[in-house]
Amino acid sequence: MSVALEAKLGQAWKKPHFIKNPAWRWALILGSIAYFAAAWSGIDINFGRIARGWERGWQFISAFGDPDFTSRWDDIYKGIYESVVMTIASTVVGIAISIPIALGAARNIAPLPVYLVCRAVIAVSRALNEIIVAIILVAILGFGPLAGFITLSFATIGFLAKLLAEDIENMSKSQAEAIKSTGASWTQWINFGVQPQVMPRLIGLSMYRLDINFRESAVLGLVGAGGIGGTLNTAFSRYEFDTVAAILLIIIVTVMFLEYLSGIIRARIQ
Amino acid sequence: MPMQEKNGQKVWQLRTTKSQWIRWGMWLVGLVIFILSWQEISDKTLWFMMDNVGEVIVDIGSRATPPRWSYINQLWWPIWDTLAMATLGTIFALIMAVPVAFMAARNTTPSKFFVRPFALLIIVSTRSVNSLIWALLLVSIVGPGVFAGLIAISIRSIGFCAKLLYEAIEEISETQVEAIRATGASPLQVMVYGIVPQIMPAFAGIAVFRWDINIRESTVLGLVGAGGIGLQLQSSLNVLAWPQVSLILLVILFAVIIGEWISAKVRGAII
């Protein structure tokens, strides 16, 4: 120690490198630079098109100063109403389905075969993008909010069941065991031993999912699955940027309001 | 403790009768809202079309299998573009998110009343608009192509990264920063030696987490013309080439799983 200190006297201190081995460090740095250069070179930027489009971009930005709520109000109202309806229905159904799946996906409650089945359901639901599910469902069920409703319910399962199952796995064993030792049946055990421990998290996650579902319902309309997205797409293709700005403002305000509301509810129950 | 008389015996209850009634009332209101919502969806659905849903599923399923494996040769470039969009988009987003996060964190913001609300506004507005909507807008500004998708991904990710990062900055231990400041370090040195090492793990975690999400999102951006594999998906769907659709879906699923696996490994190594 002291020898090392003597040797280092008079030299300025240098920050130790994140990766010790210099060969690895340089290989990593050069490799990433090479990849980024290759990736960047594959992207063609058409400056002429951007210069022409820039005017449109400016129109879009300035439209936020003067959003047009009135001229397409009927369409906007219908779209928003449909989005809200889809959000509520799919969140309720999604939660109702994901609770039993979460119980099945918690290793400390469920036997191994049930556990594997429920985990597989969660994995499938998480791996599939909402838009892709919506496209397939629109192909099967036709246009309309039913496809969007099923898509959002399905996506809710993967999100809620996974996080709820993790919470159940982390619960305190002693409380659950205390209920069991009174001679409680399985349903009583779940109801009084497990449920009170995970309830705050379940409510918080449900509120959060409501928020996500509303945001997602705003884009499902792009592929014909109902909601405000259809109105938005129409407005974009007509280059009616003032209507677009109005719709985006409504979405942003609603999301902020939902976030604020869920913050209050989560603070009260925790 | 709420009690109830039953046959002259006192029985324990979880809640008083009044609070129980309020609870039932709230459940009823919730149920009514749900039923009204469901009715609205049901009204807009053509139920007579649903009679042959089973046949439609079987029909599409039989057309989609087996996937047209030879089509993969036309997919290599779109896959490369999709990955480039996700990776470069994440990097640009991080570059823009770092200053926003420092402006938004209570302990590093230059001004609580002017700069912080502005930074929070950037975070909220970029976060609440989905990347598909950003892509839709950018396609009409910069024209269809990978570039529009790349910018859409970057803008969408700013809010997410900046929010998580500023929460990490607010949680740093002040004593370490104080120790650096006590050596007479300049504000820049305080930043580099006091704050940055503390948020580095969180930063790396956020970066790979967002990269994983961006891979998922970039696969569908092509649907609105913003490049990547979604473009092939859209054109195959338009001509009802189901064997190609199923191959593209398999490729997307594979990419998503690989991305999640890499991001889980990296986060496991950091934390």
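The model is predicted: local features need pLDDT of at least 70 and side-chain atom pairs count only at pLDDT 80 or more, while totals for chains, interfaces and linings use all residues. Residues are numbered from 1 along each chain as its sequence is written, and chains are lettered from A and ligands numbered from 1 in the order in which they are written.

**Fold of chain B**
- Chain B has ten helices and two strands, taken as DSSP runs numbered from the N terminus (helices H or I, at least four residues; strands E, at least two).
- Along the sequence the order is β-β-α-α-α-α-α-α-α-α-α-α.
- Along the principal axes, the C-alpha atoms of chain B fill a box of roughly 80 × 75 × 35 Å.
- Of the contacts in chain B between residues at least 6 apart in sequence, 69% join residues at least 24 apart; a contact requires C-beta atoms, placed from the backbone, within 7 Å.

**Side of chain B that touches chain A**
- Contacts link 47 residues of chain B with 45 residues of chain A.
- Elements of chain B that give two or more residues to this side include α1 (17-43), α3 (76-104) and α10 (242-270).
- α5(B) gives the most, with seven residues.
- This side of chain B divides into 33 nonpolar, ten polar and four charged residues (nonpolar: Ala, Val, Leu, Ile, Met, Phe, Trp, Tyr, Cys and Pro; charged: Asp, Glu, Lys and Arg; polar: the others, Gly among them).

**Helix pair α6(B) and α8(B)**
- The axes of α6(B) and α8(B) (residues 187-218) come within 9 Å and cross at roughly 145 degrees; axes are lines fitted to C-alpha atoms over the stretch in contact, with angles from 0 to 180 degrees between N-to-C directions.
- Residues of α6(B) in this contact include F160(B) and L164(B), and those of α8(B) include F203(B) and R210(B).
- The contact divides into twelve nonpolar, four polar and two charged residues.

**G104(A)**
- G104(A) lies in helix α4 (residues 73-104) of chain A.
- G104(A) counts as buried because it has 21 C-beta neighbours inside 10 Å.
- Beyond neighbours within four places in sequence, G104(A) is in contact with A110(A), V114(A), Y115(A), V117(A) and C118(A).
- The C-alpha atoms of G104(A) and F36(A), 68 residues apart along the chain, are separated by 44 Å.

Terms used: Contact = placed C-beta atoms within 7 Å. Buried ≥ 20, exposed ≤ 12 C-beta atoms within 10 Å, placed from the backbone.
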